[in-house]
Amino acid sequence: MAAVSSARQGADRDGPFQLRGNSFTMMVLKVNDPASPDFFTQLAVKVRQAPNFFRNAPVVLDFEELTEDTPRFDIAALVTNLRALYLLPVGFRGGPRAVHEGALAAGLTPMPAGRAAKLESAAPPAAEPQAGAAPIPAPPPEPVYRPALLVTEPVRSGQQIYAEKTDLVITAPVSPGAEVVADGNIHVYGALRGRALAGVSGDTNARIFCHSLEAEVVSVAGLYRVSEDFGNDVLKKPVQIFLRDGYLHMEPQ
């Protein structure tokens, strides 16, 4: 049986493709008023504040605030205008039926509300328990958070490090153009440049700590600030970044 399993795995590796599950961090654009004349004007201002962060970024359109009474709008035109800003709409979630149908027609993929589940093969049916046999204990549930991911080498430009279901601890500098991402907190014991996104699964209690704030973009649970918004009281200083009352705060240490 082991030989057959090994041969099957080898055939899978040598085949023309493999199907695997994976997790990706994507930006969510919450569409509150698609008919507003200021929609793209204000969005363009945001994009210009951090062009490297937004350029060719995959985006999920969130239509959950829209209702059946929302005036009809052209979703295909919305997608085209977003691409003109170098944003790449790939999916959508929420919205009334007409919006759902329009998004599908525009080539967008319906997305789940939370993190997508990993792609797995169908499990074989469980064997019937034999009379008198002791029940097989269920496997323990996966812990909500794992031990922190520790990175001791500098994070170079173009690298992305993702700490899934845990905190990220970096004992070296993060370079411009790098991206560090965590479901939990982010600790950088050095200069934080590039982009730092904590609480990407929605943890509003997540925080970012760094010895020197020089980042292009920082974000906690989807709320972000760009370097142009950093005050002199926190720039190039030890800082912690956190949410309070729905706003992103930066506090010198």
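A charge sits over a ring if NZ of Lys or CZ of Arg is within 6 Å of the ring centre and within 35 degrees of the ring normal. The views below come from a predicted model, in which local features need pLDDT of at least 70, side-chain atom pairs count only at pLDDT 80 or more, and totals for chains, interfaces and linings use all residues. Residues are numbered from 1 along each chain as its sequence is written, and side-chain values use heavy atoms, with hydrogens and water left out.

**View A. Charges over rings.** Arg55 places its charged end over the ring of Tyr86, 4.4 Å from the ring centre.

**View B. A phenylalanine cluster.** Phe63, Phe73 and Phe92 are linked by ring pairs into a cluster. Rings of Phe, Tyr and Trp (its six-membered ring) pair if their centres lie within 6.5 Å; planes under 30 degrees apart count as stacked, over 60 as edge-to-face and the rest as tilted. The Phe63 and Phe73 centres are 6.2 Å apart with planes at 55 degrees, so this pair is tilted. Phe63 and Phe92, with centres 6.4 Å apart and planes at 40 degrees, are tilted too. Both Phe63 and Phe92 are buried (under 20% relative accessible area, 1.4 Å probe, protein chains only).

**View C. Strands side by side.** Here, strands are DSSP runs (E, at least two residues) numbered from the N terminus, and two pair if DSSP finds at least two bridges between them. An open, mixed sheet has five strands in the order β6-β8-β10-β12-β13. Within it, β10 (residues 195-198) runs parallel to β12 (residues 217-220), joined by four bridges; look for Ala196 opposite Val218 in β12.

Key
Buried means under 20% relative accessible area, exposed over 50%, partly exposed in between (1.4 Å probe, protein chains only).
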